[in-house]
Every structure is written in structure tokens, then in C-alpha cells.
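Reader: Hi! Could you walk me through this one while I have it open?

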Amino acid sequence: MKKKTTYLFATILLVTSFVVYNYYQKIFSSVVPKEHVLFITATNTLAEVSNRIEKITKSPGTFLWVAAKKNLSNPKTGRYVLKQGMSNNDLVNMFRSGRQTPFKLSFNNQDTLEKLAGRIAEQIAADSTALLLSFKEEHFLSKNNFTTKSILQIFIPNTYEFYWTVSPEKFKQKMFSSYQKFWNSSRIGKAKKLGLTAEEVTTLASIVQKETAQNTERPIVAGLYLNRLKRGWPLQADPTVIYCIKEKKGQDYAVKRVLTADLEINSPYNTYIHGGLPPTLIAMPDISSIDGVLNAQEHNYLYMCANVNKLGYHSFAKSLVQHNKNAVKYHNWMNKLRINR
């Protein structure tokens, strides 16, 4: 009788140990073999999340069991980094608390708010329509003296840290805060020395941005335009004319050559018929263009033309005679390539 009792006890202990071990394995053992990024949207059900997790874990069929034991029914929306070695317990706790991992969001130069909204919507949960509505919100614009065109200046191309679920409003506010920090006392001081405001520097930088893709040329081009402004000359900047054309024809309209007739377009942005800077920026300048204006090179250049011997660069001239020679080379080159528009 004593032996039977001992065997029975041993059997119960063995079964209990097995059950406890099995429970422990399901809850606490590692199930994530390698790092993986998982997106959970507001419409995803727990079952859908479980199906996606089972495809990447080492223990399919256990996540839903642990979720039920821990009363998880609605995982929070987010972008989650599932790190190697995480357990079902870790996953359930993470989805229940909404403990996301921030990521690096970046954008380059965008010509319009619409294009910017589209670029951002590719990286966060919010869609482009919601972003645009936030960007153009009337109270924010009037409070900060922006228009639907000038607001583009607060978005400085760079890399920023965000949560995937950031709201359009919080995204905008962070961009505005970054913009205010960017225009520190040093940059504002340099702008004042040029006789310009931060907004005017950004406007000129947007023209410089469109004029040349070469960072080394930007301070030279900026200096040339500043020379024209000092003399009271019209800027006669082709990028402003292209801006006017695209406003009429659409943003996807390709302009490889500015024609004489284009110079007569009646628009406040046409710097061939209006003196000074255009009303607002014509595109989003990056930091190198803004700093190119703030650190503009001092020289006597007043004219520039695309350099046909070094594509992507410009030929600069101090006199109209020299400029006309450069212009003839450029126009002959364009005609040879049959670039008529």
C-alpha cells in the first residue's frame, strides 16, 4: 500500500510538473527567433494579429492561448518591434500597453503640401487627407501668420523621431517646434545682416534650391541673387517662372526649357515682371540651401547660365557681354538636343 501511494504521488508530481512546465513554456519561453516589425491597425482583430504572429514565431498556436489567459482582446494600434527572444507574455504586455518603438521618419524636398502629405502618409498611420486638413487648419495659420502657401516653410527636410500612430496635429506641432528651434539666434542674426527676415531667407533659399542641385554652388547663386536685390534689379529667376507654369498646368507638367512667352505670365511669383522676392517660398528648401543664403558668397557676379561643359553646374558672369556668350552656348546646346519645352 505504501508503494502504491508513493507511485501515485510520484505520478501526480510528474504530471503536475509537466503541466507547469508546459504552461511556463507557453507563457515565458522565447518565441521570437529574430527581430521583426509588426504593424497593428485600428481595424485589426486579435485573431488577425495572432495569425500574423504565428508566421514569425517558433511556437505557433500559443499566442492566442496566452492572450486569453491574460484577458487581452483588443491589441492597441501601433508599430511594434518584436525583438529576438521575446516571449508570448512580453508580446501580450506590449500590445496591451501600446508600448511602441519610435522610428526615424524622413522626407526630402517637396514642392507642395500635397506632395509632402503623401510622403508622410507613406510612413505613419494617418492618411494624406487628414494631414492636409491639419496643415491648412485656419486657426493655426492665422495665429502664426502663415498662409496655405507659406506654411510649407515650417517643414525642413531632415530625419525626425516619431511614433507610427502620431496624430496629424502632433506631427504638425513637432514640425513647427523644430522650425522654431532651427531659426536660432545665430541664423536670425545672419539673416538680419543680409537685411532679410527668416521667411525671406527661406523664400530665396527655395529659389536657390531649384536653381542648382550642387551644394557647393548654392552660396554662389545666393550671392548672385543678393547682388541683384541690392541693385534693385528683378531677380529674373527661371524657377519662379516654372512655378507659375506649374500653377497653371499642374504639378506634373514637365518644363525643361523656359520660353520667352513664359516670362510674361501674369503672376506675383514671376520675378521677371515683379521686383524683389516672390510672396512666399516656391518649394521646400533643404538646410544646405537655407545656410547657403545665410552664408552667401561675396562676389561681383550678376548673371548665370547652365554650363554645357559641366552639366549640373553653372557659368557665372560679371558682365552682360560675357553672359550673352554663355547663353548662346547654352541655347545652341538645347537646340541641338531638340529640347523645346
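Author: Happy to. Let's start with Gln-236, which at 36% relative accessibility counts as partly exposed (buried is under 20% relative accessible area, exposed over 50%, partly exposed in between, with a 1.4 Å probe and protein chains only). This is a predicted model, where local features need pLDDT of at least 70, side-chain atom pairs count only at pLDDT 80 or more, and totals for chains, interfaces and linings use all residues. Residues are numbered from 1 along each chain as its sequence is written, and side-chain values use heavy atoms, with hydrogens and water left out.

Reader: Thanks! Where does Gln-236 lie?

Author: Gln-236 is in the loop between α11 and α12. Helices (H or I, at least four residues) and strands (E, at least two) are DSSP runs, numbered from the N terminus.

Reader: And what about the phi of Gln-236?

Author: Gln-236 has a positive phi of about 45°, although it is not a glycine. Most residues other than glycine have a negative phi.

Reader: Which other non-glycine has a positive phi?

Author: Asn-71 has one, of about 60°. Asn-71 sits in the loop between α3 (63-69) and β2 (78-82), and it is exposed, with a relative accessible area of 68%.

Reader: Back to the α11–α12 loop. What does Trp-233 touch?

Author: Trp-233 is in that loop and touches Arg-228, Leu-302 and Tyr-303, not counting residues up to four places away in sequence (contact means heavy atoms within 4.5 Å). At 30% relative accessibility, Trp-233 is partly exposed.

Reader: How far is Trp-233 from Gly-275?

Author: They are 42 residues apart in sequence, and their C-alpha atoms are 6.8 Å apart in space.

Reader: Nice. Now α11 itself: what span should it have?

Author: Helix α11 covers residues 218-231, and at 1.5 Å a residue its 14 residues should span 20 Å (the expected span is 1.5 Å times one less than the number of residues). The end C-alpha atoms are 20 Å apart, which agrees. After α11 comes Gly-232, with a positive phi near 75°.

Reader: How many residues of α11 are buried?

Author: Ten of the 14, so α11 is largely enclosed by the rest of the structure. Among them are Ile-220, Val-221, Leu-224 and Tyr-225. The elements covering the buried residues include α10 (198-211), α13 (287-294), β5 (303-306) and β6 (314-317).

Reader: Switching to packing: at what angle do α10 and α12 cross?

Author: Roughly 90°, with the axes coming within 8 Å. Axes here are lines fitted to C-alpha atoms, for helices over the stretch in contact, and angles run from 0 to 180 degrees between N-to-C directions. α10 and α12 are therefore roughly perpendicular to each other (under 35 degrees is roughly parallel, over 145 roughly antiparallel, 65 to 115 roughly perpendicular, the rest oblique). Ile-207, Lys-210 and Glu-211 of α10 meet Asp-238, Pro-239 and Thr-240 of α12.

Reader: And how do α6 and α8 cross?

Author: The axes of α6 (residues 128-135) and α8 (residues 168-182) come within 9 Å and cross at roughly 50°, which makes α6 oblique to α8. Ala-130, Leu-131, Ser-134 and Phe-135 of α6 make the contact with Pro-168, Glu-169, Phe-171 and Lys-172 of α8.

Reader: What classes of residue are in that contact?

Author: The contact of α6 with α8 has five nonpolar, one polar and two charged residues. Ala, Val, Leu, Ile, Met, Phe, Trp, Tyr, Cys and Pro count as nonpolar, Asp, Glu, Lys and Arg as charged, and the others, Gly among them, as polar.
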